[in-house]
Amino acid sequence: MADNIKVTIDNITVEVPMGTTILEAARKIGGDVAPPTMCYYSKLKGSGGKCRTCLVEVSKGSEKDPRPMPKLVASCRTGVMDGMEVKSMTSDKVIDARKGVTEFLLLNHPLDCPVCDQAGECDLQNLGYDHGNAGTRYEYDRRTFEPEDIGPHIQLHMNRCIMCFRCVFTADQLTNTREHGILDRGDHARISTCISKALDNDFIGNVIDVCPVGALTDKTFRFKNRVWFTKPVDAHRNCSNPKCCGEVRLWMRGEEVFRVTARKDEWGEVANASNGETGWICNECRFEKKETKDWVIEGPTKVDRHSVIAQGHYAGKVGTAGQPVLIDKVIGKQPQLTLDIHTVSDVNKPSYHLDQIEGPAHSDDFK
Amino acid sequence: MKLLLENEHIEGIRYYEAYRKHGGYRSVEKALKMTPEEIVEEVKKSGLRGRGGAGFPTGMKWSFLAKPEGVPRHLVCNADESEPGTFKDRYLMEFLPHLLIEGLIVSSFALGSNATYIYIRGEYAWIPDILEQAIAEAKNNGWLGKNIQNSGFDCEIYVQRGGGAYICGEETALIESLEGKRGNPRIKPPFPAIAGLWMRPTVVNNVETLAAVVPIINMGGEEYGKLGVGRSTGTKLMSACGNLNKPGVYEIPFDLSVEEFIFSDEYCGGIPNGKRLKACIPGGSSVPILPANLLLKDAKGNTRQMNYESLSEGGFATGSMLGSGGFIVLDEDQCVVRHTMSLARFYNHESCGQCSPCREGTGWMYKLLKSLEYGKGRMEDIDLLWDIQRRIEGNTICPLGDAAAWPVAAAIRHFRDEFEWHVLHPEEAQNRNFGLAHYADPLEVIQN
């Protein structure tokens with residue numbers, strides 16, 4: 001297409017239409033090249049720019065104006081220019097800034113992952129694994145908030161919140177009335193309804209799906225199970241709500257449906273439904289239909305890379321879509337996606353194929 | 001030479017009659033006979049730079065204003081002067097309100113703004129009344145409203161009080177607040193010149209910048225441009241405070257040396273009680289602090305002058321900035337650690353909480369500085385502070401992150417020994433309040 005422009009990110013060139021952000025271009029390449037995002041949500045207008053985890057270095061502005069940008073820029077809110085050259089994981093400055101932002105985000109986070117329902121599918125956990133330090137340098141009391149009840153369906157844990165504003169945008173854009181917002185300023189800013197009030201409208205449950213951390217969780221799923229013990233199954237039903245697509249993901253254990261969520265794509269965002277629109281689901285589907293007989297089961301979900309359900313079966317896009325293998329391009333940086341367990345561990349001999357062993361494999365087989 | 005404060009001593013200059021009698025509103029008469037483009041050209045020629053802190057050329061800012069057909073444009077006067085140490089705009093608005101109104105009318109005409117707003121800091125509780133009275137007087141005499149002086153140009157000026165948030169001095173946060181929303185800075189681009197107030201093209205200028213338009217029109221841009229040094233043209237209001245014999249607002253020429261400004265009787269009149277100069281923040285709390293030896297002369301040995309270039313000579317390693325003109329002087333008894341802690345507390349309190357480095361980092365810096373000041377710090381805390389400020393600076397949405405990081409960086413850069421003293425002498429740091437002048441408030445004793 002004539003309208004497409006070329007942008008080079010970490011030495012990999014892609015063609016994207018004019019008006020694309022650097023982040024979307026990087027997602028087109030995929031894998032570790034795509035900067036992590038905590039606040040940006042491609043399905044929500046106006047989101048992004050706040051968490052600063054997606055900072056990238058623009059080493060060449062464009063073909064016309066090759067000057068580099070003086071500061072790191074938020075890739076989610078910066079448009080690409082023709083001939084732009086961007087450094088994401090190849091820039092030490094960017095890696096350092098991301099480390100800094102990760103540290104800042106975790107500064108007042110309670111780290112109560114062992115009792116948090118989001119654990120296992122938490123963006124902040126992923127970010128912490130990728131860019132965090134093992135210990136904290138913060139020695140003071142963490143900030144805490146008074147618990148607030150925001151209704152029968154949604155549990156608010158303000159201590160875990162990282163102020164991404166996603167839930168505010170969701171309520172603004174999906175529902176006619178927004179009952180919650182940000183109160184106060186600075187490090188005491190909080191999500192609240194101000195006058196104690198229940199969040200109550202048909203689509204408010206979606207704030208659970210967009211929340212990158214465990215600040216907003218599903219009360220019907222609370223403390224019921226761990227995410228990685230449940231098995232995701234795609235299902236649908238004819239929902240009477242015209243705005244609801246009825247296409248969901250059931251999180252089951254045995255025959256029991258523990259949780260219903262919207263379907264998510266590989267970036268952890270709510271995926272498009274079959275009608276081409278974003279697959280938001282209504283509260284009825286999410287909170288009330290907890291029986292398998294309510295649903296038409298389509299089959300097991302292809303596990304997405306954000307979930308611990310994947311358990312190491314990481315399938316990155318880099319190197320698979322006919323693009324050059326990342327290691328050749330990214331000098332000296334070993335991306336985690338192409339890590340082979342056998343290069344770091346001799347536990348299981350790679351020469352043994354499990355299907356050649358009769359019966360269940362035993363540790364004796366690997367001696 | 002005084003341009004802005006020329007008539008400040010005249011009795012009743014706050015009111016229309018006296019102001020008009022002493023040459024007020026001449027620039028409006030002159031401007032209405034010119035075309036808007038000619039006025040912008042005059043301001044460009046004058047080399048006027050934004051007086052709010054960043055020093056961006058005003059004429060250039062005006063020429064960036066988008067002019068789509070059928071879309072109203074707005075001029076917003078940023079009177080949200082909240083930078084600690086800066087109070088020049090307050091002086092102007094309080095004693096010469098008509099000068100600002102006059103500048104606003106000329107600028108509104110130049111930019112085609114029919115509805116012009118003054119966004120004033122909430123703590124300046126009494127000044128909106130003064131401004132509104134001045135606006136009413138101007139309106140009664142035909143300088144505002146419909147068809148000003150039969151020129152066919154309509155203009156209204158509205159005064160809007162802020163809620164007392166420092167962040168609303170940032171132009172996009174100011175616009176958000178003016179729209180009635182939460183005062184969070186917007187992510188740029190788009191810049192206000194393209195999509196500002198109600199997504200219309202908007203210019204946001206400081207009070208002093210707009211007031212300076214009056215002498216520019218009166219004397220001509222070229223004449224104005226001849227005043228000053230190099231790219232610093234005209235005159236500047238400085239608000240001097242701290243350990244000075246005569247703190248206050250002074251209008252200075254740009255070729256004045258820093259030494260003369262502090263020690264001459266015409267200006268600040270030296271440091272009280274015969275004490276020595278220790279350090280100075282030349283341009284409001286956000287700019288780096290400079291020790292006395294780097295303040296009076298730069299690293300190359302040249303005399304430092306009170307202008308944009310000379311004060312920033314040497315970059316942040318050995319220089320500072322003119323900033324908004326809040327000149328804070330510290331004498332030999334002042335404690336830099338305590339001073340930095342107090343600034344860090346301010347930035348922690350005023351961070352809007354939108355982006356993570358500033359929201360979390362400012363609080364962390366304040367806590368670290370507090371423990372250092374109270375004798376509970378360790379040597380590695382100083383390096384940690386340096387690391388935190390490095391990771392805040394440049395990584396935030398708006399300049400508040402930078403403004404919070406620079407004072408801490410400069411304090412460590414120039415006064416590391418004082419931080420180390422606090423670590424090495426925890427008992428004394430807690431009890432004797434090293435470096436504190438006798439009139440400073442006594443330290444509260446913190447438990448454990």
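What percentage of the 367 residues in chain A is made up of buried residues? In this predicted model, buried residues account for 40% of that chain. Chain A contains eight helices and 13 strands. Among its contacts with a separation of 6 or more, 63% are between residues 24 or more positions apart.

Part of the strand content of chain A belongs to an open sheet of five strands, arranged in the order β2-β1-β5-β3-β4 with mixed pairing. At the edges stand β2 (12-17) and β4 (73-74) of chain A; each has a single partner strand, so one side of each is left without a neighbour in the sheet. The partner of β2(A) in this order is β1(A), residues 4-9, and the two strands pair in the antiparallel sense over six bridges. Within that pairing, K6(A) has E15(A) of β2(A) as its bridge partner.

A single loop residue of chain A may be considered next. V115(A) lies in the loop between α2 (92-107) and α3 (123-131) of chain A. Is V115(A) buried or exposed? With 9 other C-beta atoms within 10 Å, V115(A) is exposed, because a residue counts as exposed when 12 or fewer such atoms lie within that distance. The C-alpha atom of V115(A) is separated by 9.2 Å from that of R226(A), although the two residues are 111 residues apart along the chain.

Chain B is divided into three domains: domain 1 (16-226), domain 2 (237-331) and domain 3 (336-431). The C-alpha centres of domains 1 and 3 of chain B lie 35 Å apart. Contact between these two domains involves ten residues of domain 1 and eight residues of domain 3. On the side of domain 1 of chain B that touches domain 3, seven residues are nonpolar, two are polar and one is charged.

Seven of its seven residues are buried, so β1(B) is largely enclosed by the rest of the structure. In a regular strand the side chains alternate between the two faces of the sheet. Both faces of β1(B) are covered: R73(B), L75(B), C77(B) and A79(B) are buried on one side, and H74(B), V76(B) and N78(B) are buried on the other. Parallel pairing joins β1(B) to β2(B), residues 113-120, through seven bridges, with R73(B) opposite S113(B). Parallel pairing also joins β1(B) to β4(B), residues 202-206, through five bridges, and here H74(B) stands opposite T202(B).

Apart from its neighbours within four places in sequence, V76(B) is in contact with residues including Y117(B), Y119(B), L174(B), I175(B) and L178(B). L197(B), T202(B) and V204(B) are also among the contacts of V76(B).

Strand β9(B), residues 277-281, is likewise mostly covered, with five of its five residues buried. Four bridges join β9(B) to β11(B) in an antiparallel arrangement, where C280(B) has V329(B) as its bridge partner. Two further antiparallel bridges join β9(B) to β10(B), residues 290-291, and C280(B) stands opposite L290(B) there.

Helix α15(B), residues 336-350, has 15 residues. At 1.5 Å a residue, the helix should span 21 Å, and its end C-alpha atoms are 21 Å apart, which agrees. Twelve of the 15 residues of α15(B) are buried, among them V336(B), R338(B), L343(B), F346(B) and E350(B). What covers these buried residues includes β9(B) and β11(B), together with helices α16 (356-373) and α18 (400-424) of chain B.

The final topic is the contact between the chains. It takes 24 residues from chain B and 25 residues from chain A. On the side of chain B that touches chain A, the elements giving two or more residues are α15, α16 and α17 (379-392) of chain B. The largest share, eight residues, comes from α16(B). By class, this side of chain B has eight nonpolar, ten polar and six charged residues.

Notes: Residues numbered from 1 in each chain as written. Chains lettered and ligands numbered in written order. Predicted model: local features only at pLDDT ≥ 70, side-chain atom pairs only at ≥ 80, totals over all residues. Expected span 1.5 Å × (residues − 1). Buried ≥ 20, exposed ≤ 12 C-beta atoms within 10 Å, placed from the backbone. Contact = placed C-beta atoms within 7 Å. Nonpolar A, V, L, I, M, F, W, Y, C, P; charged D, E, K, R; others polar. Domains from an automatic or database assignment. Pairing = 2+ DSSP bridges.
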